[in-house]
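Hi,

Here is the structure I promised to send over. Have a look at it first, and my notes on what turned up follow below.

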Amino acid sequence: MLKITVINIKSPQDSYETELKVNNNQSQEFWIGRASDCTIQFNNLEVSRYHGKIIFDQGSYYFTDEKSTMGSWLNNKKVNVKQKYPLKTGDNLNIANCFMLAISDYDITTQPTRIDTRSRNLPDNSVDPYTPESNPIFNETLQRYFPNSIPMHAYIQITYDALEAYGFEHKNTMGMTTLCRDEITEPFLTEVIRRWGASFNCSSLAGFVMMGKTALAAATDHVPIVDGKRRFAFYAMPHIAISKDGEIGKVYRYGIKKVSHACGALEAIAKELLSGRLKLEMDMQDVEQTIVRQKILSHIYYGDKPDLIEMTKLAAQIIAKDTQNLLSAVDTSIFKYAVMTGIQIHGPMDTTWISPQEFYVVDRDIPENKKDLFVFEDKSTNV
Ligand SMILES: [Zn+2]
């Protein structure tokens, strides 16, 4: 049996889980597409009528794209049509850039399985990109600036495990994320959905908390009521890229020759400060960037020219404070929630790391209504 979390990329709160059941270990095909007889059916014109299929054959699952119009991607790599790709736990299958199928072969709803990033299901003879030896210069740079960083999968798992002790679990909790709009942050959202199920995407430029109290009310309205309480897990963080050669802000994405920048929004402000030419007026064509700029400027001294590392750490502090302010409006007689802040780091070979900062639970039933959780190894206070 294959378990799949079907994620609507544009509307992650509509995500759901499904299982592909195989009869007597016989070979079987499960179609993905718009046609009504597809096993995984989408009402979206970007998806082809018979877009692709998952094949069960001799104990293994495979995916093939059946000449779809808009294409399919396996773990961010575009797949060739009519080619058979083996599927494994943790794979993300992107259908027409509209839907993500997150593959799990275990029963996540009853028994979350610990994902050990050191022994993930890697193909033979491939290197684990998360070991320091795989990317020594990157690793040195990561340790220098973000010494408490851990692989993103491990981070989400640790937060999930810690929150279980406070009554948060897949079945009763909604995930929420405030990340940068940049598509490079998508694996984080996918992982949150894989752990927590349907999630609310509150993304904005640079991951700043743009969502006001009205939008928060709409988001929390999706939170299920279980045992008279509504629970949500809120992840809020900016992002930064570090290349294989330790270049700050740069990432070379698989299959794209041109360098990408992260975070582009923060980098633009760093450049403006350096040049001394700041756009201070409200630009209605660029509202979010105007807000990010104003928030950054109100937190630095006149003449300061923070580099991208300093800027990202400052952004993380502002986001953490804004998150706390925003959520202070939440009615704790109904809601209990967890907040996780930090910095998301994009490394080489499509790796994602998290430098954790705050982690706390707000619940009326615990002393002082708030509990800070210390579950991450603190290697340094330099974060
Ligand atoms: Zn960004």
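Glu272 and Arg293 are both buried, where buried means under 20% relative accessible area, exposed over 50% and partly exposed in between (1.4 Å probe, protein chains only). Their side chains meet in a salt bridge, at 2.9 Å from N to O; the term stands for a side-chain nitrogen of Lys or Arg within 4 Å of a carboxyl oxygen of Asp or Glu. Glu272 sits in helix H5 (residues 264–275) and Arg293 in helix H6, so this pair ties together parts that are 21 residues apart in sequence. Helices (H or I, at least four residues) and strands (E, at least two) are DSSP runs, numbered from the N terminus.

Before I go on, a word on the numbers: this is a predicted model, in which local features need pLDDT of at least 70 and side-chain atom pairs count only at pLDDT 80 or more, while totals for chains, interfaces and linings use all residues. Residues are numbered from 1 along each chain as its sequence is written, and side-chain values use heavy atoms, with hydrogens and water left out.

Back to the salt bridges: the structure holds 13 of them. Helix H6 has a part in another two that I looked at. In one of these, Glu288 pairs with Arg181, with the closest N and O atoms 2.6 Å apart. Glu288 belongs to helix H6 (residues 287–297) and Arg181 to the loop between S13 and H3, so here the parts tied together are 107 residues apart in sequence. Glu288 is buried, at a relative accessible area of 19%. The other is between Lys295 and Asp322, with 2.9 Å between the closest N and O atoms. That pair links distant parts of the chain, 27 residues apart, with Lys295 in helix H6 and Asp322 in helix H7 (residues 308–327). Lys295 is partly exposed, with a relative accessible area of 24%, whereas Asp322 is buried at 13%. Elsewhere, salt bridges with shared partners join Lys3, Glu19 and Lys21 into one network.

Now the metal. Which residues coordinate the zinc ion? They are Cys180 (through SG), His239 (NE2) and Cys263 (SG), at 2.1 to 2.4 Å. Donors here are N, O and S atoms within 2.8 Å of the metal (3.2 Å for Na, K and Ca), and since water is not among the atoms, sites may look incomplete. Along the chain, the donors of the zinc ion are spaced as C-x58-H-x23-C. Cys180 is in the loop between strand S13 (173–178) and helix H3 (186–196) and His239 in strand S17 (residues 239–241), so the two tie together parts that are 59 residues apart in sequence. Cys180 is buried, with 5% relative accessible area, and His239 counts as buried at 1%.

Thr185 is worth a click while you're there. Its place is in that loop between S13 and H3, and at 5% relative accessibility Thr185 counts as buried. A polar atom of the Thr185 side chain lies 3.0 Å from the backbone oxygen of Cys180, and the side chain of Thr185 also reaches the backbone oxygen of Asp182 at 3.0 Å. Leaving out residues up to four places away in sequence, Thr185 touches Leu179, Cys180, His239, Gln344 and His346, with contact meaning heavy atoms within 4.5 Å.

Last, the domains. The assignment, which is automatic or from a database, gives domain 1 (2–104) and domain 2 (109–114 + 128–383). Their C-alpha centres lie 28 Å apart, and the contact takes 16 residues from domain 1 and 16 residues from domain 2. Between them the domains bury about 1,300 Å², 57% of it on carbon and sulfur atoms; buried area is the accessible area (1.4 Å probe) that two parts lose on being put together, summed over both.

How many salt bridges cross the interface of domain 1 and domain 2? The rule finds 0. On the side of domain 1 that touches domain 2, strands S1 (2–8) and S11 (99–104) are the elements that give two or more residues, and S11 gives the most, with 4 residues.

How values were computed
Polar contact = N/O pair within 3.5 Å; in protein donor to acceptor, adjacent residues only side chain to side chain.
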